[in-house]
Amino acid sequence: MSKIVVLGAGISGHVAASHLRRKLGKEHEVVVVSPNSNYQWIPSNIWVGIGRMKSQQILFPLKPLYKKKNIGFIQAKAMSFHPEGDATETKPYVMVEYVTGSEKGKQEKVSYDYLINGTGPKLNFEATEGLKPGTNKAYSVCTYTHADEAWGGLKALIEEMKNGKKAKILIGTGHAKATCQGAAFEYILNVEQELRRHKVRDMAEITWISNEYQLGDFGMDGMLLSYGKKSMESNEMLEMIFKDRGIKWILGAGVTKIEDGEAHYENLEGEYKSEKYDFAMLIPSFSGHGFKAYDKNQEEITEKLFKGFMIVDADYTAKPYEEWSVKDWPETYQNPSYPNIFAPGIAFAPPHSISKPRKSTNGTEIFPAPPRTGMPSGITAKIVADNIIDSIKGNKTSLKHKGSMGNMGAACIASAGYGTFSGSGVSITTYPIVPDYEKYPDTHGRQLGKTFGEIGLAGHWLKLALHYAFIYKAKMKPFWWLIPE
Amino acid sequence: MSETAKISGFQRFVMRNPIIQFFKFIILSLKVLIIVAGGHGGTRG
Ligand SMILES: Cc1cc2nc3c(=O)[nH]c(=O)nc-3n(C[C@H](O)[C@H](O)[C@H](O)COP(=O)(O)OP(=O)(O)OC[C@H]3O[C@@H](n4cnc5c(N)ncnc54)[C@H](O)[C@@H]3O)c2cc1C
């Protein structure tokens, strides 16, 4: 009998737990440890943030589902890792702390045979002074509670605009090394469309602020896309969209400080500037959770497990951008020191960024961290689950399933406005996610055709279809596994 | 940098026309499915 403990019930943790449960017999135990009682389909938060979806529509409680499916659930947060056990516990374990109810604050050792760390990112608002969702007129849409607050702020501003107020709206990244530009991109276009729907678009100046060197970098060094019969750089496509929507932009901006209605930033030219706003949505930097790890003698061994995020089978050798290779990226998400520990999704430490690192003339690093979107998070989680399943069934370690982000496609179906017939979407697919310059030297490391862009209503419908399909899948309804990650 | 492309009136019509977009939706869904279900693997040989 094996016990697999999954930390986190986000896209990666939940995907891993559901596949493990489906394919492993009852004699094996699958336990999920997560502080949030709900599963949330994060990509739809942008619609919660414009009031077109209620947060209840994007979430469901995990406990009843896990009970029904025979998956253990501990509503707690992981605190520290003990991959060798200790003097009293021979098995490896994770120290967890309960977060609700009468047991709140209680710590417990949760032992495991296999551990999957699917804890995603820490939303590191503290890294930017004054950036706290719901304060200083700045918001986030990274969780459903943040998105609810954002809609509250936006709704109030729309009412003021209806009464004649001219407003400035600022949307983008709130830190010099933030990632997840795609979410902010979706949100800015949705906000723009909502202002038109409320007939106050002419009262608002909307500005995109980002740490990207060019529009459409998305933390992926931009891309050359097939667009209709032409090919087009992603920056050209975004420029076209922003101009069409009357959205201004500020690039190469590392936001350093937020004050009430004012964002201070440094740009790549080394200038210190600020931008006033009446409503802002700024994505914070993502960091590791600051977990510590200990060996059986309680000596700290954090550096064996973490490099901010969790260390996996990547090549972490420091080298200049010109020497980066697609082979640096992990394939199995296994920790090299402890082979029974894995980290899919955002929880793994990337070997380096994908975008070219840039510094301001003052030496401040201003460039996006590498994104790990929903699709690779799900795919990497399934790879990890499949390897663990094979290892348990075959009674010996198996790492047959591999999936590097350098040999994996991703689709970013970005909503550009909500509405059955008035909606729009910008659909961008990329193959591979991490450019492979050896394989595709003439097309910026990506395969044209599989890397394409489309704009139109169909994108909105697809994003909505994915919302329903992925919530169906997450609820583990009949034949859920037929829906790909 | 080349001059920014503009979304023409015809392109806008295509982007918003529900009938054309219905067919685009089918094609787009299949293309995305092919890319996602098209497999993945290692890079180190
Ligand atoms: C607004 C927004 C829109 C997005 N839109 C898209 C999109 O359209 N398409 C797309 O592909 N991707 C999108 N993404 C990205 C996508 O949501 C992420 O890639 C994905 O959620 C990452 O999955 P994950 O499981 O690694 O992390 P998460 O989904 O963040 O899950 C982490 C889990 O770990 C839990 N956890 C945290 N701390 C602990 C702890 N100490 N112990 C135990 N558990 C813990 C959390 O509660 C959570 O359940 C979007 C992201 C945002 C913020």
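The structure discussed here is a predicted model.

A backbone N or O atom of G10(A) lies 3.2 Å from an oxygen atom of the ligand, and a backbone N or O atom of T373(A) lies 3.3 Å from a ligand oxygen. For G118(A), a polar backbone atom is 3.5 Å from an oxygen atom of the ligand. The ligand taken alone exposes 1,000 Å², and the protein buries 87% of that area.

Helix 8 of chain A is largely enclosed by the rest of the structure, because 16 of its 21 residues are buried. Just after this helix, N395(A) takes a positive phi of about 60°, although N395(A) is a residue other than glycine. N395(A) lies in the loop between helix 8 and strand 26 (410-417) of chain A. Is N395(A) buried or exposed? N395(A) has a relative accessible area of 71%, which is over 50%, and N395(A) therefore counts as exposed.

A positive phi also occurs at D221(A), where the value is about 65° although the residue is not a glycine. D221(A) is found in the loop between strand 13 (204-209) and strand 14 (224-227) of chain A. With a relative accessible area of 21%, D221(A) is partly exposed. Another backbone feature of chain A is the cis peptide bond from Y431(A) to P432(A), with omega near -10°. P432(A) has its place in the loop between strand 27 (424-430) and strand 28 (452-456) of chain A.

The text now turns to individual side chains. Q334(A) is found in the loop between strand 24 (309-310) and strand 25 (341-342) of chain A. Why does Q334(A) count as buried? Its relative accessibility is 12%, and buried means under 20%, so Q334(A) falls in the buried class. The side chain of Q334(A) reaches the backbone oxygen of P339(A) at 2.9 Å. When residues up to four places away in sequence are not counted, Q334(A) touches I311(A), V312(A), D313(A), P339(A), I341(A), F342(A), T397(A) and L399(A).

T302(A) is found in helix 7 (residues 302-305) of chain A and is buried, with a relative accessible area of 13%. Its side chain makes a polar contact of 2.6 Å with the side chain of E300(A). Beyond residues up to four places away in sequence, T302(A) touches F291(A), K292(A) and A293(A).

H264(A) lies in strand 18 (residues 262-267) of chain A. H264(A) is partly exposed, with a relative accessible area of 21%. Which side chain does H264(A) join through a polar contact of 2.8 Å? The partner is the side chain of E259(A). Leaving aside neighbours within four places in sequence, the residues in contact with H264(A) are G254(A), V255(A), T256(A), K257(A), E259(A), K273(A) and S274(A).

Finally, chain B contains 2 helices and 0 strands. Taken along the principal axes, the C-alpha atoms of chain B fill a box of roughly 50 × 35 × 5 Å. Of the 45 residues of chain B, 29% count as buried. The accessible surface of chain B comes to about 3,100 Å², and 70% of that surface belongs to carbon and sulfur atoms.

Conventions: Residues are numbered from 1 along each chain as its sequence is written. Chains are lettered from A and ligands numbered from 1 in the order in which they are written. This is a predicted model: local features need pLDDT of at least 70, side-chain atom pairs count only at pLDDT 80 or more; totals for chains, interfaces and linings use all residues. Side-chain values use heavy atoms; hydrogens and water are left out. A polar contact is a pair of N or O atoms within 3.5 Å; within protein, one must be able to donate a hydrogen and the other to accept it, and residues adjacent in sequence count only if both atoms are side-chain atoms. Accessible areas come from the Shrake-Rupley method with a 1.4 Å probe; for residues, only the protein chains shown count as cover. Buried means under 20% relative accessible area, exposed over 50%, partly exposed in between (1.4 Å probe, protein chains only). Helices (H or I, at least four residues) and strands (E, at least two) are DSSP runs, numbered from the N terminus. Contact means heavy atoms within 4.5 Å.
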